[in-house]
Amino acid sequence: MSFDEGADVVHVDGFPQGLLLAEPDHVAEAPEAYDLLTAMACSPDESADLIDSTAKDHYS
């Protein structure tokens, strides 16, 4: 997250709560990590099919 005033921070989702990271090295590395996750992710339709298939395998 970027602000008009103050340093940028990174929000990392987690359970049961997320984290805010303000360490400049972590903030600088975040876009590359996000880009890698985005590149490796399935499309929404592929994700739905994978979830459906996994659920059927698990519960049948």
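Ala, Val, Leu, Ile, Met, Phe, Trp, Tyr, Cys and Pro count here as nonpolar, Asp, Glu, Lys and Arg as charged, and the others, Gly among them, as polar. The model is predicted: local features need pLDDT of at least 70, side-chain atom pairs count only at pLDDT 80 or more, and totals for chains, interfaces and linings use all residues. Residues are numbered from 1 along each chain as its sequence is written, and side-chain values use heavy atoms, with hydrogens and water left out.

**View 1. The whole chain.** Two helices and two strands make up the secondary structure. Helices (H or I, at least four residues) and strands (E, at least two) are DSSP runs, numbered from the N terminus. From that end, the elements run β-β-α-α. The radius of gyration is 17 Å, well over the 10 Å of the globule rule for 60 residues, so the chain is more spread out than a compact globule. This radius is taken over C-alpha atoms, and the rule is 2.2 Å times the number of residues to the power 0.38. The C-alpha atoms fill a box of roughly 55 × 25 × 20 Å along the principal axes. Of the 60 residues, 7% count as buried. Buried means under 20% relative accessible area, exposed over 50%, and partly exposed in between (1.4 Å probe, protein chains only).

**View 2. The largest pocket.** A pocket is an open set of points on a 1 Å grid over the protein atoms alone, where a 1.4 Å probe fits, with protein on both sides within 12 Å along at least five of seven lines; lining residues have an atom within 4 Å of a point. The space in the largest one is about 260 Å³. That volume is the space filled by probe spheres set on the points, which are joined across faces, edges and corners. V10, H11, V12, L21, H26, A30, P31, A33, Y34 and L37 line the pocket. Helix α1 gives the largest share, six residues. The lining has eight nonpolar, two polar and no charged residues.

View 3. F15 and P16 are joined by a cis peptide bond, with omega about 5 degrees. Most peptide bonds are trans. P16 sits in the loop between β1 and β2 (19-21).

**View 4. The bend in α1.** Helix α1 bends by about 35 degrees at A30, and a proline, P31, follows within four residues. The bend is the angle between axes fitted to the seven residues ending there and the seven starting there. P24 also lies in α1. At 57% relative accessibility, P24 counts as exposed.

**View 5. Helix α2.** This helix covers residues 44-59. Zero of its 16 residues are buried, so α2 lies largely in the open.

Note on methods
The expected span of a helix is 1.5 Å times one less than its number of residues.
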